[in-house]
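I opened the model to see how its parts hold together. These are my notes, in the order of looking.

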Amino acid sequence: MKVIVIGATGTIGSAVVEELGQRHEIVGVGTRSGRYRADIADIAQVRAMFAQVGKVDAVVVAAGALHVGPFDELTPEHFHVGLASKLMGQVNVALAARDYLNDGGSITLTSGVDTDHPIRGAVAASTANAAVVGFVRGAAIELPRGLRINVVSPTVLEESMRVFGPLFIGFEPIAGKRAALAYARSVDGAQTGQVYQAW
């Protein structure tokens, strides 16, 4: 299959590329680097990227910005970071992908463990991640042509503990390659409307 991986050079994205690249042709997309680039918060850039790449069999999004900070300091602008990028950025990709996915193709988005297990400082992040799950469940029952859509909910990765460890006290980190298996289940599997928990 020909698979677009958005966020291909990130911690999760690079693990997904390594896993899927064993079986499929990977088209990596970055925000600021790589042959193909797109800021997913900008629907025009997303559409232009798909027009460049052409028809594909699957799309994976391992990208999206979120705000992390204490509730007492949150402003509407802080929420807008995740709503514009993590939520609407992935919605933009899914909407644009409809016209470029081959029949039976799939879309795999990313939420996060804080959707089900809230942590301090992640109110804005949890809000956006939960909305991504709602979008996937709703879209799954209406996608045409046998298209599928799922979401992976990863926990903190071993590779990210130096940065995010203090936020995830008591959580068991997992290796990026283990998280990537959840994306493989979505891309290579047959289910739709699923939340694959990588924790």
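I started at Ile4, whose bridge partner in strand 2 is Val27. Strand 1 (residues 2-6) and strand 2 run parallel and pair over 5 bridges. I take two strands as paired if DSSP finds at least two bridges between them. Helices (H or I, at least four residues) and strands (E, at least two) are DSSP runs, numbered from the N terminus.

For the record, this is a predicted model: local features need pLDDT of at least 70, side-chain atom pairs count only at pLDDT 80 or more, and totals for chains, interfaces and linings use all residues. Residues are numbered from 1 along each chain as its sequence is written, and side-chain values use heavy atoms, with hydrogens and water left out.

Contact means heavy atoms within 4.5 Å.

**Strand 6**

How many residues of strand 6 are buried? I found 7 of the 7, so strand 6 is largely enclosed by the rest of the structure. Buried means under 20% relative accessible area, exposed over 50%, partly exposed in between (1.4 Å probe, protein chains only). In a regular strand the side chains alternate between the two faces of the sheet. Here both faces are covered: Arg148, Asn150, Val152 and Pro154 are buried on one side, Ile149, Val151 and Ser153 on the other.

I checked the neighbours too. Strand 5 joins strand 6 through 5 bridges, in parallel; Ser106 has Arg148 of strand 6 as its bridge partner. Strand 6 joins strand 7 through 4 bridges, also running parallel. There, Val152 has Tyr196 of strand 7 as its bridge partner.

**Helix 6**

I compared the length of helix 6 with expectation. At 1.5 Å a residue, its 13 residues should span 18 Å, and the end C-alpha atoms are 18 Å apart, which agrees. The expected span is 1.5 Å times one less than the number of residues.

The buried residues of helix 6 are Gly176, Ala179, Ala180, Ala182, Tyr183, Ala184, Ser186 and Val187. What covers them includes strand 1, helix 1, strand 4, strand 5, strand 6 and strand 7.

**Salt bridges**

I counted 3 salt bridges. The rule is a side-chain nitrogen of Lys or Arg within 4 Å of a carboxyl oxygen of Asp or Glu.

Which residues are linked in a network of salt bridges? Glu19, Arg23 and Asp188 are. Arg23 meets Glu19 at 3.1 Å, N to O. Arg23 is partly exposed at 40% relative accessibility, while Glu19 is buried at 15%. Arg23 also meets Asp188, at 3.0 Å, N to O. This pair links distant parts of the chain, 165 residues apart: Arg23 sits in the loop between helix 1 (11-20) and strand 2 (25-30), Asp188 in helix 6 (residues 176-188). Asp188 is partly exposed at 36%.

Arg145 and Asp103 form a salt bridge at 2.6 Å, N to O. They lie 42 residues apart, Arg145 in the loop between helix 4 (123-140) and strand 6 (148-154), Asp103 in strand 5. Arg145 is partly exposed at 37%; Asp103 is exposed at 61%.

**Aromatic pairs**

Last, I looked for ring pairs and found 2 aromatic pairs. Rings of Phe, Tyr and Trp (its six-membered ring) pair if their centres lie within 6.5 Å; planes under 30 degrees apart count as stacked, over 60 as edge-to-face and the rest as tilted.

Phe50 and Tyr100 have ring centres 5.5 Å apart and planes at 20 degrees, so the pair is stacked. Phe50 lies in helix 2 (residues 43-53) and Tyr100 in the loop between helix 3 (76-97) and strand 5 (101-110), so the pair ties together parts 50 residues apart in sequence. Phe50 is buried at 0% relative accessibility, whereas Tyr100 is partly exposed at 24%.

Phe168 and Phe171 pair edge-to-face, 5.4 Å centre to centre with 90 degrees between the planes. Phe168 is buried at 12%, and Phe171 is partly exposed at 24%.
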